[in-house]
Amino acid sequence: MNTSNEVYFSSLLKTDYPKVYRAIVDVLDRHSIKHGLLESTRDYWCRDYMPVQSGFHDYIQFVYHPDYLKKERQYETDSTTVFDNAQALTGIAPTSSHLIADGGNFTFCRSREGKPVIVMTEKIFAENPSCSREEVISELRVLFHQTDILFLPWDRLDKCGHTDGILHYIGDGQVLTNLNVYSKQITNQMRERLRSKFEIVDLKISDFHKYSWAYINMLEVGDVIIVSGLGLPTDQEALNQIQDLFPNHDVCQVNIFEIVKKWGGAINCLSWTIRR
């Protein structure tokens with residue numbers, strides 16, 4: 001369920017990885033998709049610290065204070081910078097939530113019955129130890145207007161615990177997933193929970209490796225999808241399948257292996273998309 005039509009990136013991406021940034025922007029320009037830069041950020045991962053959009057005129061600003069930056073707080077973009085960037089670009093003041101959460105842990109879908117669903121991992125409960133599970137869920141339901149929320153188990157080996165590397169919504173109640181990199185127990189739990197609302201389409205590549213999640217972590221904006229390339233033989237396999245799944249999109253690929261390997265994030269993580 002992606003209706004975004006604008007996309008923004010940290011200005012650091014353009015500065016530190018100009019070739020990657022140029023390759024992404026060239027695709028966007030070919031399709032006349034509006035894009036821009038976020039200034040004064042402290043790292044590249046604007047998907048996580050920028051507000052989560054809920055409706056055309058609602059943006060939810062969660063507390064960006066991830067545990068994986070516990071020893072690297074210099075990379076933590078402060079809330080004032082986020083708020084100023086968001087309001088300047090949208091003209092709307094985000095609604096603040098006291099919950100600690102990353103934007104990459106909010107994947108918007110529609111169930112087989114067509115009902116809006118947000119898929120998250122249960123890491124959000126660990127990130128908010130002062131709140132009960134019921135309190136966290138209640139807050140999310142208020143913020144997202146009673147949208148269904150499906151929680152997947154959190155694999156503790158995945159320090160970020162985001163869903164944007166686990167699944168991507170295809171449409172018509174279907175999700176593309178990358179579950180083969182998890183333990184059998186975690187995989188079975190994820191499948192069972194996802195099947196309660198969606199038809200699962202597995203990523204089909206000849207070799208699953210520790211970076212294959214990056215194929216799922218694609219940027220979708222307007223009628224364009226940009227798939228993360230890793231410089232591996234499986235790049236073409238993933239691209240072919242995603243092109244078949246999205247026949248009405250221009251699906252292309254940009255190699256960002258150096259970013260994925262060094263920082264552990266891919267193209268969706270690097271972007272903040274909005275719709276208006």
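Here are a few friendly notes on the structure above, which is a predicted model.

1. Three strands form an open sheet in the order 2-1-15, and the pairing is mixed. Strand 2 (34-38) and strand 15 (271-274) are the edge strands, each pairing on one side only. On average, neighbouring strands of this sheet are turned by 25° against each other, direction ignored.

2. Next, the pairing of strand 1 with strand 2. Strand 1 covers residues 6-10 and runs parallel to strand 2, with five bridges joining the two. If you want a place to begin looking, E6 stands opposite K34 in strand 2.

3. Helix 2, residues 18-30, lies across strand 1 and strand 2, and its direction is at about 150° to strand 2. Helix 4, residues 79-90, lies across strand 1, strand 2 and strand 15, running at about 40° to strand 15.

4. Now for the largest pocket, which holds about 870 Å³ of space. Its lining consists of 34 residues, and those closest to the pocket centre are K159, C160, W263, G264 and G265.

5. Which helix gives the largest share of the lining of the largest pocket? That is helix 10, with four residues. Helix 10 spans 257-263, and both this helix and helix 1 (11-16) supply at least two residues of the lining.

6. Sorted by class, the lining of the largest pocket has 16 nonpolar residues, twelve charged ones and six polar ones.

Definitions and conventions. Residues numbered from 1 in each chain as written. Predicted model: local features only at pLDDT ≥ 70, side-chain atom pairs only at ≥ 80, totals over all residues. Heavy atoms only, no water. Pairing = 2+ DSSP bridges. Axes fitted to C-alpha atoms, helices over the stretch in contact; angles between N-to-C directions. Contact = heavy atoms within 4.5 Å. 1 Å grid on protein atoms, 1.4 Å probe; cavity = no way out; pocket = protein on both sides within 12 Å on 5 of 7 lines; lining within 4 Å. Points joined across faces, edges and corners; volume = space filled by probe spheres on them. Nonpolar A, V, L, I, M, F, W, Y, C, P; charged D, E, K, R; others polar.
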